[in-house]
Amino acid sequence: FQGGDTCEYLLSSGRFLGEKVWQPHSCMMHKYKNSEAKNCLIGKHIVFIGDSRIRQLFYSFIKLINPQVKEEGNKHGNIPFEDKSASIKVDFLWYPEVNGSMRQRIKSWTEGSVAKPHIIVVGAATWSIKIHNGSNEALAQYKINITSIAPLLEKLAKSSDVYWVLQDPVYEDMLSESRKMITNEKIDAYNEAAVRILNSSSRNSKAKVKVFSVSKLIAQETIMKSADGLHLPESSRDTNAMILMNVYCNKIMKPIDGSCCQPQPPLTLIQKIAFCFFTLSIIGYLIISLIHRNNYRKNKSCTDLESGEEKKPAISTPNVSTLEMLLHSFCKLGLIMTYFYLCDRANLFMKENKFYTHSSFFIPIVYILVLGVFYTENTKETKVLNREQTDEWKGWMQLVILIYHISGASTFLPVYMHIRVLVAAYLFQTGYGHFSYFWIKGDFGVYRVCQVLFRLNFLVVVLCIVMDRPYQFYYFVPLVTVWFMIIYATLAIWPQIVQKKANGNCLWHFGLLLKLICLLTCIYFLSYSQGTFEKIFSFWPLSKCFELNGNVYEWWFRWKLDRYVVFYGMLFAFIYLALQKHQMISEGKGDPLFSNRVSNVLLFISIVSFLTYSIWASSCKNKTECNELHPSVSVVQILAFILIRNIPGYVRSVYSSFFAWFGKISLELFICQYHIWLAADTKGILVLIPGYPMFNVLVSTFIFVCVAHEISQITNDLAQIVVPKDNSTLLKRLLCIAGFFSGLHLFSAMQDQSRH
């Protein structure tokens, strides 16, 4: 934390990521679309005053409003632009020198009732150097003229945004003979004079002319690509225009991925209540801890000074009470949530944009793969998809997804398509795991349902409160929650068909298959009936959970993308458990799953299928078309992986404890990354240590993983308290939870009303 305004960083410092992506120091820059630019500048008047370099900036700026604009007209004259649909006026005024004419024009806006422009961009110097052959007298006159203009600009800055653009360096080797006197030494002298005078003028004034010096840094990297050595290449001036748009529009439009120039959002009513609750929990825990500590000291064994014998206390140290365990969990959670808030809501830590390169994605993948293979151990059991194997599967998938997010690999379509398979594989495991439990155990009790729902949703509910985000924002949790309820409803609805019942009569197997066919039919219908789907989830209170930006389209899109894979997971579990029951597969240690011939054929088909899918995904050209095919074909690679992993007995008998450790906290890792590893709600990267990207990733990753592990433990501890096994106690807790959500809804309604 350097205590500075991110606007100053945006206007003065940064670096290139690759060749064309500009990264401001400490903050994220949003890439404005035409519609967003129009919405921000609606009814505004913007003026660019200066020479040919400012004219370049003018054209790049208006192309953000209307990309069809062509650079034509009198190069040494005024150029007007107007967008009537949004009532936007942008004018370029040709004043190539800082002189009396420029002063008179600026003075006209400060006098009387003349309408002042909302944004004024000024800059000039190279013409003065050229006309006066770089003389010292011209520099002295330049200083006098800026000194006379500075108070007028300060006066305008009280009601308008005023920017003074410093002169970019030139590429002296490419300059024509008539421009050879324009040297970088002269430009630096003019810039130094402008900055000194403007800063001294605003020293005792609240209003300030903003110095646009970042274009100098951009030009230093790109001026070699200039056509004449003086004017910037198009990509560089477009970057300058985008910076200008961010400086003015970010505080108006508040884009998630545009942290530059955005003020810290005010605390909401619900956030204030949460802060008070966590504070009271910390105080309560400290008080109870002090009381227990004092009791322990009083009862501690003391030594008889005369005999030297140790006298044992009559009272033993009491066990940790439920209240103390509850307060201890909320105390830790409060400290962790404070860190979440400071990372992604307070303007305390820096944030940067993502930038994808193949090496930034594939090198970490190779690294974790080596680590995973290094930590190989024997499994306790050798069944297909045993607990250790599924934890391992979740673990390596989660690590790959994390690397995918931090590297910005979503821009590379082949990687995107493979990551979509990993997300589908998580949902496949949801179908497989929950179906297996209900089929084998036959436990459809409320306790089981509440336990699963609590473990899935606890962290997300807390983050919705603390980070002021809707439930649907953390899309994966609503997805697995809804699918769990669908699996439960499918199997719990009469007739309840479980393995014990089906073993008595084979016809029950057909009954279960009929249930699964009905489920598949419903899924198919809803996937092609967006209107019906949206009506179902637009009813209150479902709408409060599944709306994002005022509609449920995002939820429909996420659900539709992997709509069949949970069904495939249920069907696979049913077939596998049926084969296991009839002893048609061999799961002994070191034994192949089937006979050698069948195992070899299936293994060959699986490898070919796996590679075929990868080739198809890598050759994808259109994301929309590939997303349409994905729900139907993703299961091919998932099943191929399961068979490759389980058919050979020696492969099924080992697992990676490294990946399995991460698999046990995979849900917490997926959710926590939003705010304390990535930044700006996953759009950027959190920067704890600026200037050292690799060291920063190591430190932030270490904290992130520790926090995810701690939250996993807190969730498990609280699940035991909040969801007890006793039905009468559980009913009371459910009533309390219902009261909590009712209160949350009431405060949310009050919050929305105050915002409107």
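Student: Why is Lys560 called buried?

Tutor: Buried means under 20% relative accessible area, exposed means over 50%, and partly exposed is in between (1.4 Å probe, protein chains only). Lys560 has 14% relative accessibility, so Lys560 counts as buried. This is a predicted model: local features need pLDDT of at least 70, side-chain atom pairs count only at pLDDT 80 or more, and totals for chains, interfaces and linings use all residues. Residues are numbered from 1 along each chain as its sequence is written, and side-chain values use heavy atoms, with hydrogens and water left out.

Student: What makes the contact of Lys560 and Glu628 a salt bridge?

Tutor: The rule asks for a side-chain nitrogen of Lys or Arg within 4 Å of a carboxyl oxygen of Asp or Glu. For Lys560 and Glu628 the N to O distance is 4.0 Å. The pair counts as a salt bridge. Lys560 lies in helix α21 (residues 553–561) and Glu628 in helix α24 (residues 623–646), so the pair ties together parts that are 68 residues apart in sequence. Helices here are DSSP runs (H or I, at least four residues), as are strands (E, at least two), numbered from the N terminus.

Student: Is Glu628 buried, exposed or partly exposed?

Tutor: Glu628 has 46% relative accessibility, so Glu628 counts as partly exposed.

Student: How many salt bridges does the rule give?

Tutor: The count comes to 17. One of them joins Lys107 and Glu111, with the closest N and O atoms 3.8 Å apart. Lys107, at 27%, is partly exposed. Glu111, at 39%, is partly exposed too.

Student: Which residues are linked with Lys63 in a network?

Tutor: Glu71, Glu234 and Arg237 are linked with Lys63 by salt bridges. Between Lys63 and Glu71 the closest N and O atoms are 3.2 Å apart. Lys63 is partly exposed at 22%, and Glu71 is partly exposed at 40%.

Student: What makes a space a cavity, and how many cavities does the search find?

Tutor: On a 1 Å grid over the protein atoms alone, a cavity is a set of points where a 1.4 Å probe fits but cannot get out; a pocket is an open set with protein on both sides within 12 Å along at least five of seven lines. Lining residues have an atom within 4 Å of a point. The search of the whole structure finds three cavities of 30 Å³ or more. The largest cavity holds about 140 Å³. Of its 15 lining residues, the closest to the centre are Arg53, Ile54, Val165, Asp168 and Leu232. Helix α3 gives the most to this lining, with four residues.

Student: What is known about the second largest pocket?

Tutor: Its volume is about 1,500 Å³. The lining has 43 residues, with Arg387, Lys394, Gly433, His434 and Arg448 nearest the centre. Helix α14 supplies the largest share, 11 residues.

Student: Why is Leu746 called exposed?

Tutor: Leu746 has a relative accessible area of 51%, so Leu746 is exposed. Leu746 lies in helix α29. Together with Leu269, Ile273, Phe747 and Met750, Leu746 makes a nonpolar surface patch of about 410 Å².

Student: What makes those residues a patch?

Tutor: Patch residues have over 30% relative accessible area and no salt bridge; like charges are joined within 9 Å, nonpolar side chains (Val, Leu, Ile, Met, Phe, Trp, Tyr) within 5 Å. Helix α29 gives the most to this patch, with three residues.

Key:
Areas by Shrake-Rupley, 256 points an atom, 1.4 Å probe, with all protein chains shown as cover. Points joined across faces, edges and corners; volume = space filled by probe spheres on them.
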